Amino acid sequence: MPRVIAIGDVNVLTSCTCVATYQWEIKNVWLCCTEPGTALVSPEFLASHDSNPVIRCQFLLYPKGRTNEFNDYFSVFVNIISKSTAIKEVSLSIFNDECEVVTRLFQEPVEKDMGLWGAENFANRFVMKFRAKNVQKRSNNFKIFVKIFTVKTTGYKGVMQSRRVMGHNINDDFEKFVNNNAFSDIVLTVGRKSFAAHKIILCRKSPAFAKIFMSQMRAKQEVKKLRIPNIKYDVCLEMLRYIYTDKVYGIDNIANDLLMAAERYALPGLKSMCEKSMIKSLNFDNIIERLQLAFWCKADILKYATIGFVIEHSIRIVGKQEFKLLPDDILDELSMAVNNSLAY
């Protein structure tokens, strides 16, 4: 079945009157090529200029085409989710190993109702493979750039400036309530220690907590304490901090355990933060453990990164005793990834 996989980061490169340029960097693209219709999506981002209001966007890449008809192509789009100004044209470029492969300019969306700009036949995958082989070392990594050109408007500059000055993140207000008895209506116990918490804040972010409290409500149980099993105190504290504020302190030191907690309590944003931290510190000592964690926690971003690491350093890894003890389902997917990578 076709899937949607959230991956990569978006960075702003330039932003001036009526033009904004953004970059989406994706790693292990060839390993993500599974079947037509499988989409890699970027985080949502806000495009804005000095004289125009915000445009909410998201990149989409279909490595094996958006449909079967275009399965020999990369289908590349930027989805304009919402906007408050007219878009004149959109330029999309794809780079491999710092070499430009394709740039195309679009003066109208593919589907006007959806605000989708791009093309199903954006770039022939086999041409891209050929160009990749002509660089010194083939890479699984790509960068996609978008330039959004808007129609110049007036009267917005002051509004945008005031938003920057007055902008406020409501999550900052909640940090003072982390493990605070004020208005607390639930105590979370971790071993012999405990946290004062607030059901409404826990439910706001975590469907898992919402399900627990809803079942208690239906059973007409007035529960004041909830045991949090199989989790360390410092890991639980940072999970709660994320639930209250979207922040985590010292994530690099607890990323493995925090990833498992994020999976258990249905916190996809926290999962993504843990995956990025773990990818930055991949090495020969932790690769097997993190490969298994990626599969156990259904962490696709980490999974593709660890598979790519294993393929790139297979000579040093496949001989390890831990590698030989990996479950069959992981070994099977590694084998499929190798074949899939060689096929492009």
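**View 1. Asp246 and its partner Lys205 in the predicted model.** Asp246 is partly exposed, at 34% relative accessibility. This is a predicted model. The side chain of Asp246 meets that of Lys205 in a salt bridge, 2.5 Å from N to O. Lys205 sits in helix α5 and Asp246 in the loop between α7 and α8, so the bridge ties together parts 41 residues apart in sequence. Lys205 is partly exposed too, with a relative accessible area of 22%.

**View 2. Arg241 and Glu175 form a salt bridge.** Their N and O atoms lie 3.6 Å apart. Arg241 belongs to helix α7, while Glu175 is in the loop between α4 and β12. The two are 66 residues apart. Arg241 is buried, at 12% relative accessibility. Glu175 is partly exposed, at 21%. Both belong to a network of salt bridges that also includes Glu238 and Lys247.

**View 3. Lys232 pairs with Asp257.** The closest N and O atoms of this salt bridge are 3.3 Å apart. Lys232 lies in the loop between β14 and α7, and Asp257 in helix α8. Lys232 is exposed, at 52%. Asp257 is partly exposed, at 27%.

**View 4. The largest nonpolar core has 51 residues.** Leu61, Leu92, Phe122, Ile144 and Val146 have the most contacts inside it. Helix α11 gives the most to this core, with 6 residues. Domain 1 and domain 2 both give residues, so the core lies between them. Val146 touches residues including Phe45, Phe59 and Leu92.

**View 5. Residues 154-168 have pLDDT below 50.** This stretch has 14 contacts beyond near neighbours in sequence. Where pLDDT is low, the predicted coordinates should not be read in detail.

Key. Residues numbered from 1 in each chain as written. Predicted model: local features only at pLDDT ≥ 70, side-chain atom pairs only at ≥ 80, totals over all residues. Heavy atoms only, no water. pLDDT = per-residue confidence, 0-100. Contact = heavy atoms within 4.5 Å. Core = buried A, V, L, I, M, F, W, Y, C linked by side-chain atoms within 4.5 Å. Buried < 20%, exposed > 50% of the residue type's maximum accessible area, 1.4 Å probe, protein only. Helix = DSSP H or I, 4+ residues; strand = E, 2+ residues; numbered from the N terminus. Domains from an automatic or database assignment. Salt bridge = Lys/Arg side-chain N within 4 Å of Asp/Glu carboxyl O. Lists of a residue's contacts leave out its neighbours within four places in sequence.
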